[in-house]
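Hi everyone, thanks for coming.

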Amino acid sequence: MRLQKFMAKAGIASRRKSEKIILDERVMVNDKIIKELGFKINPDKDIIKVDNKIIYIEEEKIYILLNKPVNYITSVSDQFDRKTVMDLLPDIQQRVYPVGRLDYDTSGLLLLTNDGDLTYKMTHPSHEVEKVYLAEVKGIPSEDQLNNFRNGLSIEDYVTSKAKINIIEKNNTKSLLEITIHEGKNRQVRKMCEKINHPVLKLKRIKFGIIDLNGLKEGNYRRLTKTELTYLKKSHKEDKKI
Ligand code: URA
């Protein structure tokens, strides 16, 4: 991209005025003053400074809700060449990142955005919103096991916070549970179910705060609505007390 175009996109001045700023020797690319008007830069790699201050192009913020199928890794790339959630977003031009993660073998609701502030807020332990999962587990948990789950379980080096758990369906060999937690530790739901001796057979996230999949087909995505976005931006501790 031409330097003056980058400057205009970064909101410094019009292209014409940016040319003047370049000629005035106020612009540096990777710490070298550039005087040439047609100078080409790489917006992904080069560091551009005007009057010694770094300038950026503000990308349009985008917020996506994906219904992740199993066998996709929640990552932008994979060392083992497995399919990633990015493969499900071929039409998205912006570089987005997952907000938290779902296991390779977990399906359901995954948010992705290029809004780093929101990602930070959503994944920070003090801000995590309620997440609801449907877990198909082996066997049928007893009332005591359900209560242990609700009161907090000791897992590895931590004790889980209070959680909700209810049996939705059961047969002789397995049951379907609705589980609500507001933490997001690695494989937490699986470890909690394992701890009460009812290992997970299938796991799907169906809700994140007020946001749910609402008929979105597996493998498909949509943009968040204004209401959903406002909720995420406002959500704080009080929202998630169980
Ligand atoms: N808990 C898990 O165990 N796995 C997930 O993917 C999400 C929550």
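So, which helix gives the most to the shell around the ligand? It's helix H5, residues 188–195, with three residues. Helices here are DSSP runs of H or I with at least four residues, strands are E runs of at least two, and both are numbered from the N terminus.

Quick housekeeping. This is a predicted model, so local features need pLDDT of at least 70 and side-chain atom pairs count only at pLDDT 80 or more, while totals for chains, interfaces and linings use all residues. Residues are numbered from 1 along each chain as its sequence is written, and side-chain values use heavy atoms, with hydrogens and water left out.

Back to the ligand. Around it you'll find Leu102, Asp103, Thr106, Tyr133, Arg187, Gln188, Val189, Arg190 and Leu203, where being near means having a heavy atom within 4 Å. Sorted by class, that's four nonpolar, two polar and three charged residues. For those classes, Ala, Val, Leu, Ile, Met, Phe, Trp, Tyr, Cys and Pro are nonpolar, Asp, Glu, Lys and Arg are charged, and the others, Gly among them, are polar.

Now the polar contacts, meaning pairs of N or O atoms within 3.5 Å. Aspartate 103 puts a polar side-chain atom 2.7 Å from a ligand nitrogen. Threonine 106 has a side-chain N or O atom 2.9 Å from a ligand oxygen. With arginine 190 it's a polar backbone atom, 3.0 Å from an oxygen of the ligand.

Let's go along H5. Gln188, Val189, Arg190, Met192 and Cys193 are buried there; buried is under 20% relative accessible area, exposed is over 50%, and partly exposed is in between, with a 1.4 Å probe and protein chains only. Why does methionine 192 count as buried? Because its relative accessibility is 0%. Its C-alpha is 7.4 Å from that of isoleucine 155, 37 residues away in sequence.

On either side of the helix, then. Asparagine 186 lies in the loop between strand E12 (174–181) and H5, and it's partly exposed, at 48% relative accessible area. Its C-alpha is separated by 8.6 Å from that of aspartate 103, 83 residues apart along the chain. Just after H5, asparagine 197 takes a positive phi of about 65°.

Conventions
A polar contact is a pair of N or O atoms within 3.5 Å; within protein, one must be able to donate a hydrogen and the other to accept it, and residues adjacent in sequence count only if both atoms are side-chain atoms.
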